[in-house]
Amino acid sequence: SAVLAVIRVRIRKNGGICTGALQTLEQCKSDTARNVINNSEFLVMLNQSPEDRRQLQHMLNLSETQMKYITNVPAGHGLLRIGGNFVPFEDEFPRGKLYDLMTTRPNEGAF
């Protein structure tokens, strides 16, 4: 929406960093929202559905090698975009008290 674009521009003009989180690209239907993704300096991409993978590949010009890092990968694996660079990552966080406090899985953890 136009409001989102104005907010993003004002925040960046004042030295701020916009942060957002999406579960799927379907939540990002407008051209303005997609422009925010295209112009983001930092993206974390985890395992993606086939349709979202196709859209990301088109939007970010991802290679087939880069696509492997967001295709059928386990939790904690993915692809970062930092500026114009893409970095694959694997984060195998050990289970224990800290994991129990930080997990976002409803059937796990201290809650």
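For these notes I take a salt bridge to be a side-chain nitrogen of Lys or Arg within 4 Å of a carboxyl oxygen of Asp or Glu. I applied this to a predicted model, and the count came to one salt bridge.

**Entry 1: the salt bridge.** I looked up the pair and found that the side chains of Glu51 and Arg54 meet in it, at 2.9 Å from N to O. Both residues lie in helix H3, which covers residues 50-60, and because they are three residues apart they are separated by about one helical turn. I also checked the accessibility of Glu51, which at 37% relative accessibility counts as partly exposed.

**Entry 2: Gln55.** Is Gln55 buried or exposed? With the limit for buried set at under 20% relative accessible area, Gln55 counts as buried because its value is 14%. Leaving aside neighbours within four places in sequence, I noted that Gln55 is in contact with Leu25, Glu26 and Arg34.

**Entry 3: the nonpolar core.** I then listed the largest nonpolar core, which has eleven residues in all: Leu25, Ile37, Leu43, Met45, Leu56, Met59, Leu60, Leu62, Met67, Ile70 and Leu79. Strand S1 (42-45) and H3 are the elements that give two or more residues to this core, and the largest share, three residues, comes from H3. For Leu62, I set aside the neighbours within four places in sequence and found contacts with Leu56, Gln57, Met67, Ile70, Leu79 and Phe86.

**Entry 4: confidence.** Finally I looked up the mean pLDDT of the chain, which is 84, with 92% of the residues reaching 70 or more. Confidence is highest in helix H4 (residues 64-67), at a mean of 96, and lowest in helix H2 (residues 31-38), at 73. My caution for later reading is that where pLDDT is low, the predicted coordinates should not be read in detail.

Key
Residues numbered from 1 in each chain as written. Predicted model: local features only at pLDDT ≥ 70, side-chain atom pairs only at ≥ 80, totals over all residues. Heavy atoms only, no water. Helix = DSSP H or I, 4+ residues; strand = E, 2+ residues; numbered from the N terminus. Buried < 20%, exposed > 50% of the residue type's maximum accessible area, 1.4 Å probe, protein only. Contact = heavy atoms within 4.5 Å. pLDDT = per-residue confidence, 0-100. Core = buried A, V, L, I, M, F, W, Y, C linked by side-chain atoms within 4.5 Å.
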